Each structure stands twice: as C-alpha cells, then as structure tokens.
Amino acid sequence: MDESHRTQAGKHGGHSQFAMKMRRLLPMACYLGFTGTPLLKGERKTLVSFGGLIHSYKIDEAVADEAVVPLLYEGRMVEQQISADAIDKWFEKISKGLTDQQKADLKRKFSRISALAKTTQAIRAKAFDISEHYRMYWQGTSFKAQLVAPSKAAAVRFKEVLDEIGHVTSEIIISPPDDNEGNEEVDKESKNLVRKFWEQMMKRYKSEDEYNRQVIDAFKGSGDPEILIVVSKLLTGFDAPRNTVLYVCKPLREHNLLQAIARVNRLYEENGEEKQFGFILDYEGLLGELDSALTEYSAFQEYDGDDINGTVHDVRGEIRKLRGLHDQLLDLFKSIKNKKDMEQYEQFLADEPTRQNFYARLRAFSRCLHISLSSDKLLDIYTDADVDRMKRDWKQFSELKRSVQLRYQEIVNMKEFEPKIQKLLDDHVVAMPAEVVVELVNINDPNALEAVVKETGVSPASKADRIASATRKVIYERMEADPAFYKRFSELLEETIRDYREKRISEKDYLKQVVDLAAKVAHKDRGQGVPDSIKGNEDGQAFYGILDGALVYSDGKPVDKDEIAQIALTIIEIIKEHHIVDVWRNDIAQNNMRNAVDDYFFDVLRDHKQINLPAERMDDIDEQIMNLARARFPG
C-alpha cells in the first residue's frame with residue numbers, strides 16, 4: 001500500500017487501528033508498504049508494522065540514474081523596510097531589460113507598496129521579484145513555474161499584483177472557500193476576496209471539476225499560464241514535467257516540503273530545450289543560506305541525513321562551475337596567436353569534430369551562465385569585472401558560432417541560441433546582433449554563386465568555405481543516386497580544401513576553384529564524353545558510372561564504353577521489370593530482382609560475351625547496383 005507510514009503505524013508504536021482491522025480481515029495476506037518520501041525519525045516504527053526494508057531508492061540515486069533532474073536551491077529574501085538606496089538598487093536589478101518608459105510604469109506600480117499594510121507589502125514585494133525573475137530568465141522558453149502562497153487570500157493577492165505588473169501570466173488553483181477550514185483567513189476582507197474569486201471561477205467554468213481540469217491542462221500545455229499559484233492543492237501527486245521553477249512563499253516542513261519541491265524535478269524536453277535542473281526559490285528562509293547539513297534545518301531535522309542526502313543543492317555550487325566552463329571554452333582556442341583575428345577562429349573550426357566540441361563547450365557554458373545570472377548569489381562569488389568579461393566572451397563566441405554555421409553551411413537550429421540566454425544577455429545590457437536565419441547557398445543558381453563571390457566585408461576564404469560546404473552538402477545528399485559522379489567531385493573538393501589549408505594555393509585561387517567545382521556539380525558536368533546511347537539519360541549515366549572501368553574481357557582488354565552503356569541500359573530494364581509496389585520492403589521481391597541481374601551477368605556477360613567476372617568483383621558490383629536501384633527507383 002502506498003504512503004503506508006501514514007495509515008499503518010500507531011502513534012506510540014505497533015499497529016494503527018486501521019492496520020489491525022486489515023489484519024483481522026486478511027490474516028493470511030502478505031503486507032508490503034510503499035512510500036515515495038523518506039520516513040521521519042518518528043515514523044521508523046512503520047518498519048515494525050511491515051518488517052525490515054526490502055529495498056530503498058534514495059533521492060541522490062534517482063538523480064544519478066537520471067530518473068529525475070537535480071534541484072538547485074536559492075534562499076531569496078525580499079526586504080520591505082530597507083533604505084531608499086537599497087530599494088533603488090533592488091529595483092534596478094529586477095527591471096533590467098525594460099525600456100525607460102516600462103521602468104517608469106513599473107516603478108509607479110511598485111511605489112504603492114509603502115502605503116499598504118505590512119502583510120500586503122510582503123506579497124507585493126515578492127510578486128514584483130517573482131514577476132521580473134520569471135520574465136528575465138524563463139519567459140519565452142518551454143518551462144513554467146509554480147508559486148506556493150501561504151493562504152487562499154494571499155494567492156488571490158499574488159495574482160492581482162502579477163496581473164497589475166502585466167509581465168507574466170498566471171492562474172490560481174485552490175479548493176472552494178470554507179468557513180470551517182481552520183480560520184485560514186482571519187479577516188473579513190480576506191474571506192470576501194476569496195469568495196469573490198471563487199464566484200468568478202464558477203461563473204467562468206461552471207463547476208469545480210471543470211475549473212480544475214481547464215486550468216491544469218492549460219498549465220501543462222505550451223501556452224498561458226506561465227505561473228500556477230497554489231496553496232495546498234497540487235503540492236502532492238501533481239505531475240507537469242515542464243514545471244521547472246518553484247517559488248516558495250509559504251512555510252513548509254518535512255513531507256510537505258519534500259513533496260512540494262518534487263513538483264519541479266521531473267524530466268522534460270521539448271523542441272531541443274532540455275530541462276537540466278529544477279529550481280527552488282525560497283522566500284521564507286526555510287533553508288536559509290543552505291550552508292549546513294540539511295538535517296540541521298528545522299524543516300528537515302526529523303529526517304535521517306542519509307535519506308535526504310542530495311535532495312537539493314545550493315545554487316552557489318553550480319555558479320562556482322562557471323569559471324571552469326569559461327576556461328574550457330577559452331582553452332579550445334589556445335593555439336590561436338592573435339585573439340582578435342576572428343578569421344583565424346573560423347578557420348580553426350573548419351574541422352567538423354572541432355566545431356562540435358566548440359558547440360558542446362559553448363552550450364555547457366551558456367547553461368551555467370544562465371543559472372548564474374538568474375541568481376542573487378553570483379556577485380558573492382565573482383567580481384563585477386569577472387562577470388562582465390564572461391558575458392562579453394559569451395557574446396563573442398555566440399557570434400562566432402553563427403559565423404561558422406554560415407560559413408560551413410550547417411543547418412541552424414535556433415533553439416541552440418536558447419531564448420532565455422539571448423534575452424538574459426539583453427537584460428544585462430549585452431546587445432546581441434539581429435537574428436539571421438542561415439540560408440544555404442543554392443549552387444544550382446549561378447546568380448546565387450555570383451552573389452556570394454561579390455559579397456563585401458568577407459574574406460575570399462570565408463566565401464570559398466561557404467560555397468564548398470554547400471557543395472559538400474549537395475554531394476552528400478545525392479551520393480547514393482550517382483555514386484561514381486559524386487565520389488569523383490567529393491575527392492576533387494576535399495583536395496582543393498586541403499591545398500588551401502596547407503597554403504599550396506591562395507585565397508583567391510581557392511575561391512575560383514571552389515566556384516568552378518560547384519558549377520560542375522550543379523550541371524552534372526562529367527568532364528568527359530559519354531556514349532550517345534545514354535546522353536541525357538540520368539539513370540543510364542548513373543549505372544554506367546558504376547560499371548565504367550570495372551569490366552574487362554577474359555584476355556584483360558577493357559570493355560568498350562559503348563558496350564558498357566548498353567549493359568547499363570539492360571540492367572535498368574531488368575530492374576524495372578522486377579520493380580513492384582513496396583519492393584524495398586519486400587525481401588522476396590528484392591531477391592528476385594537480384595537473381596535476375598545475376599543471371600544476366602553470368603549467362604550473358606560471362607558465358608556469352610566472355611567478360612571476366614570473379615566472384616568478389618561480382619559481389620561488389622551486385623551490391624552497388626542494388627543500392628543504386630533503391631536510390632533511383634524508390635517505391
């Protein structure tokens with residue numbers, strides 16, 4: 001039975017009344033107890049009810065197995081009664097990235113805080129911090145947040161302030177108002193506020209079930225709301241994998257705290273964005289600065305240390321990784337002498353494995369930078385100068401990535417430039433260049449090639465690399481449809497690139513030769529005459545390319561090119577005769593086709609025309625013919 005410690009153990013040891021009744025009704029049953037949260041020290045008596053532990057699977061083990069994401073914790077205190085200078089500094093921090101007009105509007109709304117009661121002041125200050133934290137670091141991503149309010153009235157007030165600010169969208173999930181629910185709302189104004197909210201929800205959704213269903217479904221989806229405000233509901237047993245940030249504004253302890261923070265540890269990935277961590281932002285000081293063992297905090301002191309080890313990690317531990325990841329990124333380019341010469345960087349990244357290594361290091365640095373910049377603790381660890389340098393380097397390397405993806409004609413996944421990173425750097429006054437979607441050079445269009453050649457502000461080598469990469473891509477995509485032709489030009493292209501890299505030809509000659517090769521690939525210029533019988537016949541020329549140079553007579557004399565062309569056309573006829581619907585999913589049909597080709601080779605070419613066909617050569621030709629048939633005659 002699930003959560004067995006709640007129902008099976010008596011308060012002072014032994015079985016609970018419920019457990020004793022079960023055992024009277026089912027005296028021969030085997031009782032197995034399960035729990036999804038660690039046992040409190042006082043709940044260890046549950047083991048008396050069920051016997052010893054059969055198996056335990058602790059939180060740090062689940063993280064190590066990648067069954068859940070690790071949780072990063074940050075104590076985030078918002079002071080209400082502090083000096084004007086401190087308030088201005090805090091306001092400036094949370095409003096980064098806004099225009100002057102937007103800042104003025106936000107400050108006007110914020111200024112109301114001094115005229116409000118202390119409790120409402122606290123809600124308003126936290127709501128402003130939460131709104132701007134989410135806007136700066138998570139808005140525009142696939143990830144959402146949950147806000148835990150201390151009461152139903154507080155939940156409504158949080159939403160009112162968030163709506164007034166207008167930067168994030170939110171919804172509330174609470175149970176119906178009830179006068180007998182523990183005097184949660186002690187003042188009449190609060191009770192009326194909750195009742196008014198509930199009446200609005202019932203008018204809008206007609207029933208409590210429909211209200212819960214629609215709001216929860218919307219939160220689990222990709223649209224609004226971005227933040228879901230809760231009090232007690234949805235703190236246990238609620239799975240919304242895109243839920244990534246938990247803003248805790250309510251005192252929580254033990255099981256309730258563990259259950260709440262587990263709302264953001266689910267795995268999630270969408271459109272290339274992968275959830276790396278769940279984030280706990282604690283506005284109640286539950287774990288303070290997280291500088292002691294977890295069991296030393298009142299919220300967790302009733303647990304055994306081993307059971308909750310690895311539950312949450314101080315965000316500062318992640319921030320401390322930033323310098324190392326920054327150094328690893330710089331270290332990749334240590335062989336470049338002139339660090340200001342971006343052409344050297346781009347040429348250094350001509351090798352694809354090196355580029356992929358660069359992308360991986362930049363991605364790791366970017367993710368850590370995002371986490372670090374979103375935390376108040378960043379400047380506890382690094383100086384302003386350190387942070388500014390790392391932000392500038394991120395901008396430079398992100399621009400370098402765009403440049404090499406353009407130069408080497410890679411398909412750009414704009415998700416790699418995660419919106420939260422780009423938005424975050426904008427908010428920290430590091431302007432990024434306008435987003436440019438890389439358009440691949442169309443080598444089949446002479447005007448497109450000429451346009452690249454005439455580009456200004458770009459080195460000839462950069463232009464040549466761009467055209468060479470586009471040509472290489474065409475060759476790769478079409479190789480199976482005409483392997484002989486495209487293999488030849490692939491070798492020529494790689495030889496030309498190698499000649500330039502080894503300084504055997506100039507940038508100008510490199511560009512000229514690459515443009516010439518691209519034009520020949522585009523026009524299928526074979527550079528030599530083909531027999532008249534297959535001129536203009538792409539299929540015939542492709543099969544001819546496989547056989548040309550591979551067939552000799554028994555006396556060692558090469559087979560005439562016109563004869564090879566006729567052999568190619570005959571093979572095409574045989575393939576078409578045996579080509580049926582879904583032939584490439586039908587092993588029997590493929591075997592029939594292969595056998596017919598083999599019969600032609602052995603009965604006609606070997607026995608009648610005396611063409612030498614050793615078994616190993618025949619196997620190779622046979623394989624090439626079937627692969628080419630699959631590429632040119634799909635279906």
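Modeller: Helix α21 (residues 483-501) packs with helix α22 (residues 507-522) at an angle of about 170 degrees, and their axes lie 10 Å apart. Axes here are lines fitted to C-alpha atoms, for helices over the stretch in contact, with angles running from 0 to 180 degrees between N-to-C directions. Helices (H or I, at least four residues) and strands (E, at least two) are DSSP runs numbered from the N terminus. The angle makes α21 roughly antiparallel to α22, a class that takes angles over 145 degrees, whereas those under 35 count as roughly parallel, 65 to 115 as roughly perpendicular and the rest as oblique.

On the α21 side, the contact is made by Phe485, Tyr486, Phe489, Leu492, Leu493, Thr496, Ile497, Tyr500 and Arg501; α22 contributes Glu507, Tyr510, Gln513, Val514, Leu517, Lys520 and Val521. Contact means heavy atoms within 4.5 Å. By class, the residues of this contact comprise 11 nonpolar, two polar and three charged. In that scheme Ala, Val, Leu, Ile, Met, Phe, Trp, Tyr, Cys and Pro are nonpolar, Asp, Glu, Lys and Arg are charged, and the others, Gly among them, are polar.

The model is predicted: local features need pLDDT of at least 70 and side-chain atom pairs count only at pLDDT 80 or more, while totals for chains, interfaces and linings use all residues. Residues are numbered from 1 along each chain as its sequence is written, and side-chain values use heavy atoms, with hydrogens and water left out.

The loop between α21 and α22 holds serine 506. With a relative accessibility of 35%, serine 506 counts as partly exposed, the class between buried (under 20% relative accessible area) and exposed (over 50%), computed with a 1.4 Å probe on protein chains only. The side chain of serine 506 reaches the backbone nitrogen of aspartate 509 at 3.1 Å. Serine 506 also lies 9.4 Å from proline 460, C-alpha to C-alpha, although 46 residues separate the two in sequence.

The loop between α8 and α9 contains lysine 206. Lysine 206 has a positive phi of about 80 degrees although it is not a glycine, and at 67% relative accessibility it counts as exposed. Beyond α9, proline 225 is found in the loop between α9 and β4 (227-230), and the peptide bond from aspartate 224 to proline 225 is cis, with omega near 5 degrees.

As for the setting of both pairs, the protein chain has 26 helices and 11 strands. Of its 635 residues, 47% are buried. Among contacts in the chain with a separation of 6 or more, 72% come from residues 24 or more positions apart.

Terms used
Polar contact = N/O pair within 3.5 Å; in protein donor to acceptor, adjacent residues only side chain to side chain.
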